[in-house]
Amino acid sequence: MEIINFLFAEDQLFTTITLIVLIALLIGNIVADKLKKYEDIDVNAATSLMDDDNLIILDVREKKERKNGYIDNDTHIPLSDVKAQLDKLDKDKNILVYCRSGSRAAHIAGLLTRHEYENVYNLKGGFQAWKKAKLPIKI
């Protein structure tokens with residue numbers, strides 16, 4: 001009872017609301033992670049995937065970002081164009097999506113799974129992680 005009185009005391013209301021919001025965000029994040037249908041993979045797992053001829057490597061960065069390099073044999077479709085060009089991607093193939101840091105790629109990986117693409121992977125850390133691992137790049 002003391003905890004409830006403490007949490008709902010007039011001078012603690014802001015702290016209590018902040019705590020409730022943080023807990024809700026944490027729960028939402030856990031639920032969203034369980035519901036996502038794509039897999040986040042690191043560069044080691046990505047290189048293993050590349051041994052498969054049944055793989056599309058999808059770069060969703062902007063054209064100017066490719067000047068810093070790209071992964072060999074990738075398909076480049078900028079983020080803003082992916083939805084309009086979904087028909088260019090074979091649903092029967094594995095798709096590894098990457099961007100600069102991994103966040104835009106995660107968004108596109110989610111989009112692909114919502115459009116019934118089944119074997120979708122997001123490169124954790126994106127092209128930055130790829131370069132940091134000193135893996136081969138094309139310029």
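When I say strand or helix, I mean a DSSP run, numbered from the N terminus: H or I with at least four residues for helices, E with at least two for strands.

Quick caution: this is a predicted model, where local features need pLDDT of at least 70 and side-chain atom pairs count only at pLDDT 80 or more, while totals for chains, interfaces and linings use all residues. Residues are numbered from 1 along each chain as its sequence is written, and side-chain values use heavy atoms, leaving out hydrogens and water.

So who sits beside S5? Strands of a sheet pair through backbone hydrogen bonds, either parallel or antiparallel. In this model, five strands make an open sheet, ordered S1-S5-S4-S2-S3, with parallel pairing. S1 (39-41) and S3 (75-76) are at the edges with a single partner strand each, so one side of each has no neighbour in the sheet. Two strands count as paired if DSSP finds at least two bridges between them.

On one side, S5 (residues 120-123) is joined by three bridges to S4 (residues 94-98), and the two run parallel. Look for leucine 96 standing opposite tyrosine 121, and for isoleucine 95, whose bridge partner in S5 is valine 120. S1 is also parallel to S5, again with three bridges. There, glutamate 39 has tyrosine 121 as its bridge partner.

H5 lies across S2 (55-59), S4 and S5, and runs at about 175° to S5. That angle is taken between N-to-C directions, from 0 to 180 degrees, using lines fitted to C-alpha atoms, for helices over the stretch in contact.

Next, the charges. How many salt bridges does the structure hold? There are four, a salt bridge being a side-chain nitrogen of Lys or Arg within 4 Å of a carboxyl oxygen of Asp or Glu. Asp59, Arg61, Arg66 and Asp74 are linked up in a network of them. Aspartate 59 bridges to arginine 61, with the closest N and O atoms 2.9 Å apart, and to arginine 66, at 2.7 Å. Arginine 66 then bridges to aspartate 74, at 2.9 Å. Are these residues buried or exposed? Arginine 61 and aspartate 59 are both buried. Arginine 66 is buried because its relative accessible area is 16%, and aspartate 74 counts as buried at 15%.

Glutamate 65 is in the loop between S2 and S3, and is buried too, with 14% relative accessible area. Beyond its neighbours within four places in sequence, glutamate 65 is in contact with Arg100 and Arg104, contact meaning heavy atoms within 4.5 Å.

Last stop, the outside. Ile4, Phe8, Leu13, Ile17, Val21, Leu22 and Leu25 form a nonpolar surface patch with about 680 Å² of accessible area together. Helix H2 (residues 13-35) gives the most, with five residues. Patch residues have over 30% relative accessible area and no salt bridge; nonpolar side chains (Val, Leu, Ile, Met, Phe, Trp, Tyr) are joined within 5 Å, like charges within 9 Å. The areas come from the Shrake-Rupley method with a 1.4 Å probe, and for residues only the protein chains shown count as cover. Valine 21, in helix H2, counts as partly exposed at 43% relative accessibility.

Terms used
Buried < 20%, exposed > 50% of the residue type's maximum accessible area, 1.4 Å probe, protein only.
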